[in-house]
Amino acid sequence: MHKIALIPGDGIGPEIINETVKILKAVEKKFKIQLQLIDGFAGGASIDTYGVPLTEETLALCKECDAILFGAVGGPKWDHLPKELRPEQAILLLRKSLGLYANLRPILLFDTLNDASPIKQEFIGDKLDFLIVRELTGGLYFGKPKGIEKTQDKIRAFDTMEYTYEEIERVTHLAFETARNRRGCLTSVDKANVLETSRLWRSVVCEIATDYPDVKLNHMYVDNCSMQLILNPGQFDVILTENTFGDILSDEASVLTGSIGMLPSASLGDEKPYLYEPIHGSAPDIVGTGKANPIGTILSAAMMLEYSFREKEASTVVKKAVEKALNEGYRTYDIQVGAKKVVSTSQMGDIIEKYIKNL
Ligand code: NAD
């Protein structure tokens, strides 16, 4: 029995999680796996009921589960709240409290969506399939001090970007291991020509590289990387980078695949539970319209089956069912190029569920 904390959150979160639950139920039946789904609140949904973005109870629930499946949090309704009470704090708190220091974001362009990519085929090359490993619990988002100071004649805002040797070391090992199990190429992205944190980053990565002689390492400045993602994305296998750079580069990379709604992620630490979520936010502009693409969340569940439960076959079937739905020409509203039929969020869930049963 695998226990899963199910946290839909806000905006389109409940809609995409609903579809993913359909998929998990189909997987349970087909592969005789037992999944216990336990609901939890986070983000605006928690603020409205309990006054805080993440309660002790929800955190305790997550800690006792084997994995967490997360939708998205945030929305204009809560934008006026002070920083520590904003919905987005929920996901930051979960990552930090559970020690989820590595965020894995596969960037895969399904063949059938080639035309949906804004990049011309000649730049995409034969296949677009790489993975971004983003450090998740350090850097600018967590560094102290941070704040805004107001004096009579001046306003000053500041954040601190800091990394310890150990924070870089553990995520670097994970990235090398991941590269070893893929095509054996690792690109470490930094800004070592300007930032001290990047100089430490690069020296730690170089030191650890000696443990992985079978992995080909190269270094790239983040500004060049953002350009290379458009000019020659096929050159990448695994990209390793720090928190802020990874946040921005992975959103940029997501567009290559046709839509941000397609992309899953897994956040890993040294021990369970790991957390799985699509890379997009709560998309307040399309809530309740049936336009949300559930595939990023469904593929996040596929990652959960593989990484947390070691159910590789079930994971592969989910991915194949998604691919079949796309190959048959079904698209949600965010990707209309090549669509034979544009379907709603729940119709897409139904179609993928049906293919899982029949594959
Ligand atoms: P967003 O990712 O929610 O939306 C960006 C654009 O992509 C919007 O046009 C949206 O409609 C579209 N989009 C996103 N997901 C989609 C999907 N599954 N299907 C179809 N279209 C999709 O980013 P944003 O607008 O910058 O942020 C909205 C809210 O989400 C904010 O409150 C932000 O703080 C929050 N947010 C939360 C997370 C998280 O929970 N991990 C991550 C990013 C943003």
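At what angle do helix α10 and helix α11 pack? The angle between α10 (residues 295-307) and α11 (residues 312-327) is about 160°, and their axes lie 7 Å apart. That makes α10 roughly antiparallel to α11, a word used for angles over 145 degrees, while those under 35 degrees count as roughly parallel. The contact (heavy atoms within 4.5 Å) includes I295, I298 and L299 of α10 and V318, V322 and L326 of α11. By class, its residues are nine nonpolar, one polar and three charged.

A word on the model: it is predicted, so local features need pLDDT of at least 70 and side-chain atom pairs pLDDT 80 or more, whereas totals for chains, interfaces and linings use all residues. Residues are numbered from 1 along each chain as its sequence is written, and side-chain values use heavy atoms, without hydrogens and water.

Next come helix α8 (residues 222-231) and helix α9 (residues 243-256), whose axes cross at roughly 10° and come within 10 Å. That makes α8 roughly parallel to α9. Here V222, C225, S226, L229 and I230 of α8 meet F245, L249, E252, A253 and L256 of α9. This contact has eight nonpolar, one polar and one charged residues.

The table gives some polar contacts, which are pairs of N or O atoms within 3.5 Å.

| Residue atom | Ligand atom | Distance |
|---|---|---|
| G281, backbone N or O | oxygen | 2.7 Å |
| D285, side-chain N or O | oxygen | 2.9 Å |
| N293, polar backbone atom | nitrogen | 2.8 Å |

Note on methods:
Axes fitted to C-alpha atoms, helices over the stretch in contact; angles between N-to-C directions. Helix = DSSP H or I, 4+ residues; strand = E, 2+ residues; numbered from the N terminus. Parallel < 35°, antiparallel > 145°, perpendicular 65-115°, else oblique. Nonpolar A, V, L, I, M, F, W, Y, C, P; charged D, E, K, R; others polar. Polar contact = N/O pair within 3.5 Å; in protein donor to acceptor, adjacent residues only side chain to side chain.
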